[in-house]
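Subject: A structure for you to explore

Hello,

Here is the structure I promised to pass on to you. Please open it next to this email, and then read on for what turned up.

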Amino acid sequence: MPTALVTGASAGLGAEFARQLAGRGYHLVLVARDADRLSAAQNALPASVEVLPADLATDDGCAAVAARLGKGDVDLLVNNAGIGTYRPFGVADLALEERQLDLNVRAVLRLTHAAVRAMTDRGSGRILNVSSVAGFVPRGGNATYSASKAWVTMFSEALSIQLQGTGVTVTAVCPGFTHTEFHERAGADMSNVGGRMWLSADQVVRDGLADTLVGKPVSVPSRRYQALVAAARTLPRPVLRAVAARRGL
Ligand SMILES: NC(=O)c1ccc[n+]([C@@H]2O[C@H](COP(=O)([O-])OP(=O)(O)OC[C@H]3O[C@@H](n4cnc5c(N)ncnc54)[C@H](OP(=O)(O)O)[C@@H]3O)[C@@H](O)[C@H]2O)c1
């Protein structure tokens with residue numbers, strides 16, 4: 001039975017990753033801070049499930065999960081836990097900005113490091129890093145978040161080149177707006193985002209897993225966001241900044 005370790009598994013995309021991986025016959029190691037929600041998932045999922053409560057914005061939390069990865073039996077690491085602030089830089093507390101970087105960047109770096117060591121020793125494994133379309137677009141009101149996800153995408157793509165021929169692959173999955181608890185937790189007003197821009201967690205996870213399991217370096221779920229990312233990659237930067245500013249992204 002293959003083993004998958006999923007971070008941020010108590011809600012949103014992480015809970016959906018757990019559900020779909022259970023359906024594919026994986027043994028699951030579920031990580032998040034909320035031990036009660038993890039236990040509820042453990043009881044509800046039709047799978048063999050370990051829970052590992054940890055705060056990945058802390059050194060100790062990262063070390064505990066890295067140690068679990070170091071056992072060497074994890075076939076798929078899903079680095080999914082992440083937060084956004086949706087507050088202009090300078091308005092949000094510096095501590096919150098730093099926590100965002102600790103979770104969105106530093107934890108991904110540390111867990112990927114542990115997984116790469118264990119997986120390359122074994123000659124097989126897959127790493128799925130949940131990034132965002134926000135990493136392709138300079139978003140004025142969410143600068144740290146955009147930058148953190150640009151890091152995740154570039155890190156994953158660059159690492160995928162280094163790992164060619166090792167049996168280990170890395171994929172950055174870049175969703176657009178997706179119905180989860182993410183925006184509510186950030187206290188963000190999303191009323192200006194039209195219904196057609198929203199994706200379901202089911203679709204994001206299905207597309208992201210399919211691309212990860214064939215070792216694609218960058219995955220953008222849905223045609224609509226693939227078109228948006230293609231435009232963001234080709235538009236002159238001043239035009240992209242003007243569009244982002246006008247649309248209040
Ligand atoms: N929803 C979107 O529109 C969207 C779009 C693009 C990318 N994403 C990315 O998708 C990923 C998942 O987000 P989501 O939309 O599923 O959000 P969500 O519904 O708010 O879930 C976030 C998950 O992360 C966990 N988490 C938060 N802080 C943590 C910490 N310090 N340590 C460990 N776990 C922590 C939460 O569990 P606990 O509170 O129990 O710790 C929860 O399980 C994130 O990386 C996000 O940036 C989301």
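Does serine 160 count as buried or exposed? Serine 160 has 12% relative accessibility, and because buried means under 20%, this residue counts as buried. Before we go further, please keep in mind that this is a predicted model.

You will find serine 160 in helix α5. A polar atom of its side chain lies 2.6 Å from the backbone oxygen of glutamate 157. If you leave aside neighbours within four places in sequence, serine 160 is in contact with Val170 and Pro217.

Helix α5 also holds serine 148. With a relative accessible area of 1%, serine 148 is buried. Its side chain reaches the backbone oxygen of tyrosine 145 at 2.8 Å, and it makes a polar contact with the side chain of asparagine 104 at 3.2 Å. Not counting residues up to four places away in sequence, serine 148 touches Leu101, Asn104 and Val105.

**Around the ligand**

Now please turn to the ligand. Which residues come nearest to it? There are 31 residues around the ligand, and Leu13, Arg33, Asp55, Tyr145 and Thr180 are the nearest of them.

Some distances are worth looking up on your screen. An oxygen atom of the ligand is 2.6 Å from an N or O atom in the side chain of threonine 180. With asparagine 80, it is a polar backbone atom that sits 2.8 Å from an oxygen atom of the ligand. Glutamate 181 also takes part through its backbone, with an N or O atom 3.0 Å from an oxygen atom of the ligand.

How much of the ligand does the protein bury? The ligand taken alone exposes 890 Å², and the protein buries 97% of that. The elements that give two or more residues to the shell around the ligand are α1 (12-23), α5 (143-162) and α6 (182-186). Of these, α6 provides the largest share of the shell, with 3 residues. By class, the shell is made up of 14 nonpolar, 11 polar and 6 charged residues.

**Two residues with positive phi**

Next, a look at the backbone. Most residues other than glycine have a negative phi. Tyrosine 86 has a positive value, near 50 degrees, and its place is in the loop between β4 (76-79) and α4 (94-122). Serine 222 has a positive phi too, near 85 degrees. You can find serine 222 in the loop between β7 (218-219) and α8 (223-234), and it is buried, with a relative accessible area of 5%.

**Cysteines**

How many disulfides are there? A search of the whole structure finds 0. Cysteine 62 is buried at a relative accessible area of 2%, and cysteine 174 counts as buried at 0% relative accessibility.

Tyrosine 26 is in the loop between α1 and β2 (27-32). At 11% relative accessibility, tyrosine 26 counts as buried. Not counting residues up to four places away in sequence, tyrosine 26 touches several residues, including Met1, Pro2, Thr3, Ala4 and Leu213. Another pair to locate is tyrosine 26 and valine 205, which are 179 residues apart in sequence and 15 Å apart in space, C-alpha to C-alpha.

Glycine 72 is in the loop between α3 (59-70) and β4. Why does glycine 72 count as partly exposed? Its relative accessible area is 22%, and partly exposed is the class between buried, under 20%, and exposed, over 50%. Leaving aside neighbours within four places in sequence, glycine 72 is in contact with Ala118 and Arg122. Glycine 72 and alanine 244 are 172 residues apart in sequence and 43 Å apart in space, C-alpha to C-alpha.

Best wishes

How values were computed:
Residues are numbered from 1 along each chain as its sequence is written. This is a predicted model: local features need pLDDT of at least 70, side-chain atom pairs count only at pLDDT 80 or more; totals for chains, interfaces and linings use all residues. Side-chain values use heavy atoms; hydrogens and water are left out. A residue is near a molecule or strand if one of its heavy atoms lies within 4 Å of it. A polar contact is a pair of N or O atoms within 3.5 Å; within protein, one must be able to donate a hydrogen and the other to accept it, and residues adjacent in sequence count only if both atoms are side-chain atoms. Accessible areas come from the Shrake-Rupley method with a 1.4 Å probe; for residues, only the protein chains shown count as cover. Helices (H or I, at least four residues) and strands (E, at least two) are DSSP runs, numbered from the N terminus. Ala, Val, Leu, Ile, Met, Phe, Trp, Tyr, Cys and Pro count as nonpolar, Asp, Glu, Lys and Arg as charged, and the others, Gly among them, as polar. Buried means under 20% relative accessible area, exposed over 50%, partly exposed in between (1.4 Å probe, protein chains only). Contact means heavy atoms within 4.5 Å. A disulfide is a pair of cysteine sulfur atoms within 2.5 Å.
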